[in-house]
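Please look over the sequence and the structure shown below before reading on. The briefing then takes up a few topics in turn.

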Amino acid sequence: MKFQNPKGILSVIFVYGIILSEYYVFVFHYLPYRYSNNSGSTIFIGIEFTLIYFMIHWAYIQAQIQSPGHPSPDLAKNYQEHTLEEIKSRTKKHSEIIQKKRKQKLMKKYELAIDEEDELFDIIQAMQLDSYCFKCKNVKQPRTHHCKECNKCILRMDHHCPWVNNCIGQKNHRFFCQFIIYALLCLSQCVIFITIEMFGDTQLKGDSKFLCQMCALTSLLLCLSMGTLLGFHLYHIAKNVTTVEFHIEEMKTDNPFSKSKVIDNFKELFGSEYIHWILPLTQSESKVRIKHDSFEL
Ligand SMILES: [Zn+2]
Ligand SMILES: [Zn+2]
């Protein structure tokens with residue numbers, strides 16, 4: 001439980017600045033004005049908005065401080081020497097295939113020759129087998145990737161997020177999604193309430209009016225970008241594909257990790273208890289089961 005990269009603190013401060021300023025304008029400029037016209041519903045909105053605001057911070061902090069999940073440091077010791085050598089040679093072979101594919105892609109924009117089909121099959125098969133990280137000097141279970149920013153292997157790695165200053169992986173992907181969902185709930189209220197006010201017969205004047213207009217505009221832009229991001233993540237969680245795997249063309253047609261039911265794909269990340277779908281609570285280690293992991297791209 002720690003901040004992964006001290007340099008990324010600036011991005012986190014920037015995100016906090018945006019969240020705080022939106023909250024400040026909505027609660028201290030818009031709501032007091034609204035209270036003079038409609039006191040009852042304004043108190044309800046204020047309480048509900050503040051509760052969601054608290055949830056944003058809870059999920060955001062959890063996404064930052066919780067480990068995305070790393071392979072056990074002494075995993076390699078559990079393997080017999082000849083098995084470990086076999087895993088290392090297999091990893092080398094697949095790294096060479098991937099490098100070759102990358103070069104070919106650059107040269108002729110991904111036009112596959114017939115004799116490459118076997119190589120593609122090998123890569124898909126390798127995703128379900130253990131491989132070896134020559135940087136961490138440890139075995140990687142299927143779906144594990146080595147993050148260059150964190151310089152560590154990450155279980156079911158999705159991506160390294162500079163805005164969270166942490167890798168998003170098996171154990172904190174849920175918090176990342178919850179942060180976006182709660183942020184969207186707050187931001188969409190800023191857009192809806194203030195826009196209705198501005199297009200009506202508003203009595204808002206001076207600084208408050210200007211700040212509310214800026215708040216609605218920035219909230220709208222954030223809603224559009226974060227909404228797209230959330231849609232991307234939920235769609236791929238439903239398909240059991242990570243952002244890293246999304247770039248592998250073959251995963252779209254031949255995904256070995258997807259379960260028959262969409263709900264089971266969600267449970268793999270969000271947990272089987274629905275309370276964890278809503279609240280960014282930390283699950284006990286015994287309940288977090290890593291079934292799959294990867295090869296390095
Ligand atoms: Zn590694
Ligand atoms: Zn990382």
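Is the crossing of helix 1 and helix 6 left-handed or right-handed? The crossing of these two helices is left-handed, and this, like everything that follows, is read from a predicted model. The protein has nine helices and six strands, and of its 297 residues 30% count as buried.

**Helix 1 against helix 6**

- The axes of helix 1, which covers residues 9–37, and helix 6, which covers residues 206–238, come within 10 Å and cross at roughly 130°. That angle makes helix 1 oblique to helix 6.
- On the side of helix 1, the residues that take part are Glu22, Val25, Phe26, His29, Tyr30 and Tyr33, and they meet Ser208, Leu211, Cys212, Cys215 and Ser219 in helix 6.
- Sorted by kind, the residues of this contact between helix 1 and helix 6 divide into seven nonpolar, three polar and one charged.
- As background for reading such lists, an α-helix has 3.6 residues a turn, so residues three or four places apart point the same way.

**Helix 2 and its buried residues**

- Helix 2, made of residues 39–65, has 27 residues and reaches 39 Å from its first C-alpha to its last, which is close to the 39 Å expected at 1.5 Å a residue.
- The buried residues of helix 2 are Phe49, Tyr53, Met55, Ile56, Ala59, Tyr60, Gln62, Ala63 and Gln64.
- These buried residues of helix 2 pack against helix 1, against strand 6 (166–168) and against helix 5 (173–199).

**Two loop residues with positive phi**

- Arginine 156 is placed in the loop between strand 4 (152–154) and strand 5 (159–161), and its phi is near 40°, a positive value in a residue other than glycine.

**Contacts along the chain**

- Among contacts in the protein between residues at least 6 apart in sequence, 70% join residues that are at least 24 apart.

Definitions and conventions:
Residues are numbered from 1 along each chain as its sequence is written. Chains are lettered from A and ligands numbered from 1 in the order in which they are written. This is a predicted model: local features need pLDDT of at least 70, side-chain atom pairs count only at pLDDT 80 or more; totals for chains, interfaces and linings use all residues. Axes are lines fitted to C-alpha atoms, for helices over the stretch in contact, and angles run from 0 to 180 degrees between N-to-C directions. Helices (H or I, at least four residues) and strands (E, at least two) are DSSP runs, numbered from the N terminus. Angles under 35 degrees count as roughly parallel, over 145 as roughly antiparallel, 65 to 115 as roughly perpendicular and the rest as oblique. A crossing is left-handed if the near helix is turned anticlockwise from the far one by less than a right angle, and right-handed if clockwise. Two residues are in contact if their C-beta atoms, placed from the backbone, lie within 7 Å. Ala, Val, Leu, Ile, Met, Phe, Trp, Tyr, Cys and Pro count as nonpolar, Asp, Glu, Lys and Arg as charged, and the others, Gly among them, as polar. The expected span of a helix is 1.5 Å times one less than its number of residues. A residue is buried if 20 or more other C-beta atoms lie within 10 Å of its own, exposed if 12 or fewer, and partly exposed in between; C-beta atoms are placed from the backbone.
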